[in-house]
There are 2 protein chains.
Amino acid sequence: MAVTLRDVAVRAGVSRSAVSRTFTEGASVSAKTRAKVEKAAAELRYSPNAIASSLTTGRTKLIGLVSNNFHNPLFLEVFDLFTRGLQERGLRPLLVNLSNETDPANSVRMLRQYSVDGVIVASSTLPPSFAEAFRDAGVPVVHSFGRYTTSPHVHVVGIDNIACGRMAAEALIARGHRSIAFLGGPEKATSTQDRAGGFLDALSRHPDIKVGISYASAYSFDAGRAEMQRLLQNTPAEAYFCGDDVLSIGALSAIRDAGLRVPDDIGIIGLNDMEMARWENINLTTIRQPVAQIIGASIDLAVETIQNPDRHPETRLFPCRVIERGTLRPVSPMQP
Amino acid sequence: MAVTLRDVAVRAGVSRSAVSRTFTEGASVSAKTRAKVEKAAAELRYSPNAIASSLTTGRTKLIGLVSNNFHNPLFLEVFDLFTRGLQERGLRPLLVNLSNETDPANSVRMLRQYSVDGVIVASSTLPPSFAEAFRDAGVPVVHSFGRYTTSPHVHVVGIDNIACGRMAAEALIARGHRSIAFLGGPEKATSTQDRAGGFLDALSRHPDIKVGISYASAYSFDAGRAEMQRLLQNTPAEAYFCGDDVLSIGALSAIRDAGLRVPDDIGIIGLNDMEMARWENINLTTIRQPVAQIIGASIDLAVETIQNPDRHPETRLFPCRVIERGTLRPVSPMQP
DNA sequence: GATCTTTTTGCAACCGGTTGCAAAAAGATT
DNA sequence: AATCTTTTTGCAACCGGTTGCAAAAAGATC
């Protein structure tokens, strides 16, 4: 059916090795043979079989891209950047959707069966043990959007969630709010824990400020809305740090439906700065996560780890910053 | 490095064939040998190399998933459903991001090099020739969200865009509007052309109704907003059919910013019914595209085509329906 | 033109599996 | 126990490439 190396060799009147060599970078072929082979290959529309060659070279150029975030619009941007970035480096993303799985065993087995050169786990909610399962199986792995730990067992690229929590608290305090709160995603997500931790930490230096903490049942619009509706039944805080933009948008819709104004009655600051956050009808003040940089660094690190599998586990964190839009009032000039 | 068939064979004290057979469905192995092999395999943590086996079986179980829609939130749902659906059938999606390419040659070559069993082109904007390039290269292909033609050269699964255009027109007419318009995406997208065509067709039976047509520069929030702002500078129509939900949301934001009320001053009906459309702060009346069914049928058709490559090109269209929400006033009782 | 280097080439073995075929083993029948 | 069937097994060739090695060809030097 398909045309193989052998067919080209026969037509060009050379050995199979000669054909193989014309298609491998840096191999020794004379200009004359190369010309003959290229002519024959073009006539037969030959293109080498990457799978077969991977068998001897040990490189498939396949990268497992594993994620469980198929409901957060930010991840459409993430997939876009990952697939483009990998393609530019001649790598192919083999996408694995983890939506219902918590056990890494299946994905590990599957990706080993396909001899992927490396794996990128793109998720802010999976525990570190997930990525570690790949490392334990001998597969180079990078946890993108993962949790920072002081002694990482696996490469992590992302943001400092604790610092973000702190940054959010300070942003709210700087605006003169005296009663603020954190509205997080599910408490078990590592990123949520860290954001809450940083938030509270910053407030420990402000004993006069009232602080609240609560958790939505998921990182979703509905959960954010429901949790805010619940909060509005008692005395709500003056401003909220929501653990994610989608959550923020849900909270905003609850606030507005209750007849309250944003940012005058209640302020909101989100986290991520997904594309939608700057839409004029949303106009969300939020902390930007430098997604493109995180993804670029993740791919770099994956490539480096493939070249040198014994590389020491490394953490690359990128700074976030507040993006001023319309859901938080301006910094109060009276504050210190 | 990795443990192979041979290692297991040696440890189990059997031939390599025996090991291979215990791992192939329906091969002839005695219970005794199977037990020995399975024990050895478990001890060595062996799992067969899918890539190597594909060489002889001719099946990689890889499916190329090709798309250029990495900015429409609907496609996050699409990727979620595709990856899950393929995984459930033991297939693996090799994702190809076409964002900047219009020429299929690269993707065709690349996916052939990886010997994908089939390709799914998931895009409502790519021309039919794109999918045809795969067929011409001998790769089973399904164009998902593609354009319906009476004599298809390639399998197409999607919706009847002409019927949708008609449905939208009728919905607007049924609400008593006398001046309506289509606000499409880029005119060159095949789906846009068809939706416009259907819209106008339905109106040909209503010469008394005033009709307008215009096109945004992209299927994006910004483009929808900009185009609606332009329209508001002259006398806008009473209600608009936007060619897509994202476009609709952009248009809505322009309308509200202009101080007009929806649906009282201007009505909007979208198309797709992406997850966000039902968010309470958007609450978009729209035509639902049955995404899950389209994707299920696409995968089915791809699998069937892999089994029988000479299958006649087929078109599977799914009916859409209007989802009533808050951006269109109720059906006017006075209408016939 | 003879001799020494360097480059190019083909052979053959290998990557990690599968599979047709014939021999061996097991089971059935008398 | 002898014979016939059926099942199980291993051998060897193959899938489509790559690569170390030695021989052949080309080029350099005198």
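Chain A can be superposed on chain B with an RMSD of 0.1 Å by a turn of 180 degrees and a shift of 0.0 Å along the axis. The two copies are therefore related as by a two-fold rotation axis. Within chain A, the C-alpha nearest this axis belongs to A:Leu94 and lies 2.3 Å from it. The same surface serves both copies, as 100% of the contact residues of chain A recur in chain B. The model described here is predicted.

In chain B, helix H8 covers residues 161-174 and has 14 residues. From its first C-alpha to its last, H8 of chain B reaches 20 Å, close to the 20 Å expected at 1.5 Å a residue. The N-terminal end of H8(B) is capped by B:Asp160, a side-chain oxygen of which lies 3.1 Å from the backbone nitrogen of B:Ile162. Buried residues in H8(B) are B:Asn161, B:Cys164, B:Gly165, B:Ala168, B:Ala169, B:Ala171, B:Leu172 and B:Ile173. In general, an α-helix has 3.6 residues a turn, so residues three or four places apart point the same way. After H8(B) comes B:Gly176, whose phi is positive, near 85 degrees.

Over all chains, the count of aromatic pairs comes to 20. One of these pairs, formed by A:Trp279 and B:Phe221, is stacked, with 4.5 Å centre to centre and 10 degrees between the planes. This pair crosses between chains. A:Trp279 is in the loop between strand S9 (267-272) and strand S10 (286-288) of chain A, whereas B:Phe221 belongs to helix H10 (residues 221-233) of chain B. Both A:Trp279 and B:Phe221 are buried.

A further pair, B:Phe23 with B:Tyr46, is edge-to-face: the centres are 5.4 Å apart and the angle between the planes is 65 degrees. Distant parts of the chain are linked by this pair, the two residues being 23 residues apart. B:Phe23 is in the loop between helix H2 (16-22) and helix H3 (31-44) of chain B, and B:Tyr46 is in the loop between H3 and helix H4 (50-57) of chain B. B:Phe23 counts as partly exposed because its relative accessibility is 36%, while B:Tyr46, with a relative accessible area of 13%, is buried. In chain A, ring pairs link A:Phe70, A:Phe75, A:Phe79 and A:Phe145 into a cluster.

Notes: Residues numbered from 1 in each chain as written. Chains lettered and ligands numbered in written order. Predicted model: local features only at pLDDT ≥ 70, side-chain atom pairs only at ≥ 80, totals over all residues. Heavy atoms only, no water. Least-squares fit on C-alpha atoms with pLDDT ≥ 70 in both. Contact = heavy atoms within 4.5 Å. Helix = DSSP H or I, 4+ residues; strand = E, 2+ residues; numbered from the N terminus. Expected span 1.5 Å × (residues − 1). Buried < 20%, exposed > 50% of the residue type's maximum accessible area, 1.4 Å probe, protein only. Polar contact = N/O pair within 3.5 Å; in protein donor to acceptor, adjacent residues only side chain to side chain. Phe/Tyr/Trp six-rings, centres within 6.5 Å; stacked < 30°, edge-to-face > 60°.
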